[in-house]
Amino acid sequence: MSQPDHAREVAARYMQGMRWSAAGIALVVLYGLELPKLLGNWDTYRPAAVQVAVMAVLTFVPLVAWRDDVVQRWRWPLIALVLAASVAGTVTVASADRLGTAHWSDEVVGYSLVLLSLDQRPGRFAGLLAAHYVPAYVLALVDGPVDVTFAGVVNTTVITSAFEVAVVLFANALRAVALSVARVAGEEESVRTTEAVADQLHSDRKDRYAALADTTAPLLRGLGSGDLDPGDEAVRRACAIEAARMRRLFGDATVGPDPLVDELMACVGLAERNGVSVRFSQRGDRPPVPTPIRRMLTEPAVAVLATARGDVRLTVVGSDGDVTVSVVAQAAPRDVPMVENDEITTSTVVNGDRLWVTATWKGRP
């Protein structure tokens, strides 16, 4: 997961918690504070059934909009439904009570709008609040005097809307903080991962150098000191084998889907540059081979490829969890190293000047 996606996921979790809280507040206010007002002023509504429908809408919205995926998909239809309920609740209240206690929906509609607008800009939420409150004030001015003072109405409206706006502001601030914190955490994790990869690469390089120390280093020292004669056939074969081993380690250092094939193909390339024609094939499904086992499994094939002449047939076969590396070539049996491991079996068959070597790893259950 990329850092931006991770940050958005963290912010979405925070927002989901805010939605649960907002849905709970909306239902508590609806049934704890507003339902008694509805029942206490039942005779003032014309018709009262509309008020019941408004109550049903304001119950339905928190019950479905606590889920973020529902809000993201149905936000604007639900907002339109809430505003329609607001208007319906306003017009069915007696004109004298339009800004009073009987107009119970006036105070609770805003909580449903909060629930649907937590991740929206505060200015957009303020516009939705205005769309909710303005019809009641307009109708109160048009229809005549109301039973409450203008100052009392403004005071109640400001207190309620100020709390609702504060919730939306807090949700926006919390989302921004969550994005920032998650982004920083992602960057720190990326740095730690990079350092871990660098340490592992350094360790792998040390292992590769150590693998060459027992064979390649003495050969180079002997050539450098003059103790070994480059014209000697045995020395040339030893150099060819060490070159193939180095090519195998270079293949091991690459990142590929099949390290076993990568190592063998590196040695095949060296053999082909020496004039050897190599036919390579692979069959069957193979389990991943651990690096130490892989090096021992390919050791006979590497030696044969380094000293072979003419045509070579190289095969990698996977069967029932076993992995077999087989090579047929014109080469000297004395150049095939012995592999000592309980998990690997080798066999060598000589037919005239042709050599057939197989190495099989039994795999691990």
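**Figure 1. Confidence across the elements of the predicted model.** In this predicted model, helix H2 (residues 48–65) has the highest mean pLDDT among the elements of the protein, 93, whereas helix H8 (residues 233–253) has the lowest, 65. The mean pLDDT of the protein is 79, and 81% of its residues reach 70 or more. Where pLDDT is low, the predicted coordinates should not be read in detail.

**Figure 2. Overall make-up of the protein.** The protein contains ten helices and five strands. Its chain comprises 365 residues, of which 40% count as buried. Among contacts between residues at least 6 apart in sequence, 73% join residues at least 24 apart.

Figure 3. Leu115 belongs to helix H4, which spans residues 105–117. With a relative accessibility of 0%, Leu115 counts as buried. When its neighbours within four places in sequence are left aside, Leu115 is in contact with Arg19, Ala22, Ala23, Val61, Pro62 and Ala65.

**Figure 4. The salt bridge between Arg19 and Asp119.** Side chains of opposite charge can pair when their charged atoms come close. Here the side chains of Arg19 and Asp119 form a salt bridge, with an N to O distance of 3.4 Å. Arg19 is part of helix H1 (residues 3–40) and Asp119 sits in the loop between H4 and H5, so the pair ties together parts that are 100 residues apart in sequence. Arg19 counts as buried, at 0% relative accessibility, while Asp119 counts as partly exposed, at 21%. Both residues belong to a network of salt bridges that also includes Asp68 and Arg75. The count of salt bridges comes to six.

Figure 5. Lys37 forms a salt bridge with Glu34, and the closest N and O atoms of the pair are 3.5 Å apart. The two residues are three residues apart in helix H1, which means that about one helical turn separates them. Glu34 is buried, with a relative accessibility of 1%. Lys37, by contrast, is partly exposed, with a relative accessible area of 21%.

**Figure 6. The pairing of Asp69 with Arg67.** A salt bridge joins the side chains of Asp69 and Arg67, at an N to O distance of 2.7 Å. Asp69 is partly exposed, its relative accessible area being 44%. Arg67 is likewise partly exposed, with a value of 37%.

**Figure 7. Ala56 in helix H2.** Ala56 lies in helix H2. Its relative accessible area is 43%, so Ala56 is partly exposed. Along the chain, Ala56 and Ala85 are 29 residues apart, and their C-alpha atoms are separated by 9.4 Å.

**Figure 8. A nonpolar patch on the surface.** Val134, Val138, Leu141 and Val142 form a nonpolar patch on the surface. Together these four residues have about 410 Å² of accessible area. Val142 lies in helix H5, which covers residues 122–143. This residue counts as exposed because its relative accessibility is 64%, and the cut-off for exposed is over 50%.

Figure 9. Helix H7 runs over residues 216–225, and its residues Thr216, Leu219 and Gly222 are buried. These three cover an arc of only 130 degrees around the axis, so they lie on the same side of H7. The face turned away from this buried side carries the exposed residues Leu220, Arg221 and Gly224. Just after H7, Gly226 adopts a positive phi of about 90 degrees.

Methods:
Residues numbered from 1 in each chain as written. Predicted model: local features only at pLDDT ≥ 70, side-chain atom pairs only at ≥ 80, totals over all residues. Heavy atoms only, no water. Helix = DSSP H or I, 4+ residues; strand = E, 2+ residues; numbered from the N terminus. Buried < 20%, exposed > 50% of the residue type's maximum accessible area, 1.4 Å probe, protein only. Contact = heavy atoms within 4.5 Å. Patch = residues over 30% accessible without salt bridge, like charges linked within 9 Å, V, L, I, M, F, W, Y side chains within 5 Å. Areas by Shrake-Rupley, 256 points an atom, 1.4 Å probe, with all protein chains shown as cover. Arc of directions from axis to C-beta. pLDDT = per-residue confidence, 0-100.
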